[in-house]
Amino acid sequence: MHARAVLRTVTNLSIAIGSGIAAIALALGTAEAYQVVIVFAGVIGAFGALPLLRLPASVDAAVREVEEMRTETGSIVVLIVAALTHTVAEVLTHTFAEVLSQAGAWGLDFELADPARAGAYQGVFGMGFSLGALASPIVVNATAITFGLLGWVMLGVIFLAAAFGIWLISRRAVAAAETR
């Protein structure tokens, strides 16, 4: 198995296990349960960082002489500039989408929560996010990786349906709050 796939699998399992442990504390609802979960998370985080102590302080590599590469379209520099331009555009688009999605998530997480049960609401919201992170590799493999362009279109339709569902739920919640 590829190292990146193993890392993603371990991450997904950690999210699932952590969500399950947090759900137990949430179900118990005591200060002690929350404190135990926080301490446990800190210990696990520190334990997970231990392998980093084995890394060398620096990595020295020999300097290599390289010749200018040419492609059918010209210099490799042109390809690099095109790739960088494309990458910057992707980064800006992704960043903008991330900011918008987080603003929406905060609105759903805090503004629509019942003030008397805000902690429970946020716990369920967080668990839903964790479950989504757990399921996302499966969904991407079942759509985009398996079916190529058609799979990406299917994934886009899934995202649009989810966005519409969230929009509909939030509109209903706001309308219900305004009538109270």
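Q: In which helix is the place of I158?
A: Let's start here, keeping in mind that this is a predicted model. Helix α5 covers residues 149-179. The residue I158 has its place in helix α5.

Q: Is I158 buried, partly exposed or exposed?
A: The relative accessibility of I158 is 40%. Buried would mean under 20% and exposed over 50%. Because 40% falls in between, I158 counts as partly exposed.

Q: Which residues does I158 touch, not counting residues up to four places away in sequence?
A: Residues up to four places away in sequence are set aside here. What remains for I158 is a pair of partners: V139 and T143.

Q: What distance separates the C-alpha atoms of I158 and G107?
A: Along the chain, I158 and G107 are 51 residues apart.

Q: Is T143 buried or exposed?
A: T143 lies in helix α4, which runs over residues 118-147. Leaving aside neighbours within four places in sequence, T143 is in contact with G148, G151, M154, L155 and I158. Its relative accessible area is 5%, and under 20% means buried, so T143 is buried.

Q: Which residues of α5 are buried, and what covers them?
A: The cover over the buried residues of α5 includes α3 (76-111) and α4. As for the buried residues themselves, α5 has G151, L155 and S170.

Q: How many Å apart are the end C-alpha atoms of α5?
A: Helix α5 has 31 residues, and at 1.5 Å a residue they should span 45 Å. The model agrees with that expectation, because the end C-alpha atoms of α5 are apart by 45 Å.

Q: What relative accessible area does F147 have?
A: F147 is found in helix α4. Leaving aside neighbours within four places in sequence, F147 is in contact with A142 and M154. F147 is partly exposed, and its relative accessible area is 45%.

Q: Which helix gives the largest share of the nonpolar patch?
A: The patch on the surface is formed by F147, L149, L150, W152, V153, M154 and V157, with about 750 Å² of accessible area together. One of these, V153, has its place in helix α5. The largest share of the patch is six residues, and they come from helix α5.

Q: Where in the chain is confidence lowest?
A: The mean pLDDT of the chain is 82, and 94% of its residues reach 70 or more. Confidence is highest in α5, at 88. Where pLDDT is low, the predicted coordinates should not be read in detail. Confidence is lowest, at a mean of 62, in strand β1 (residues 70-71).

Key. Residues numbered from 1 in each chain as written. Predicted model: local features only at pLDDT ≥ 70, side-chain atom pairs only at ≥ 80, totals over all residues. Heavy atoms only, no water. Patch = residues over 30% accessible without salt bridge, like charges linked within 9 Å, V, L, I, M, F, W, Y side chains within 5 Å. Areas by Shrake-Rupley, 256 points an atom, 1.4 Å probe, with all protein chains shown as cover. Salt bridge = Lys/Arg side-chain N within 4 Å of Asp/Glu carboxyl O. Helix = DSSP H or I, 4+ residues; strand = E, 2+ residues; numbered from the N terminus. Buried < 20%, exposed > 50% of the residue type's maximum accessible area, 1.4 Å probe, protein only. Contact = heavy atoms within 4.5 Å. pLDDT = per-residue confidence, 0-100. Expected span 1.5 Å × (residues − 1).
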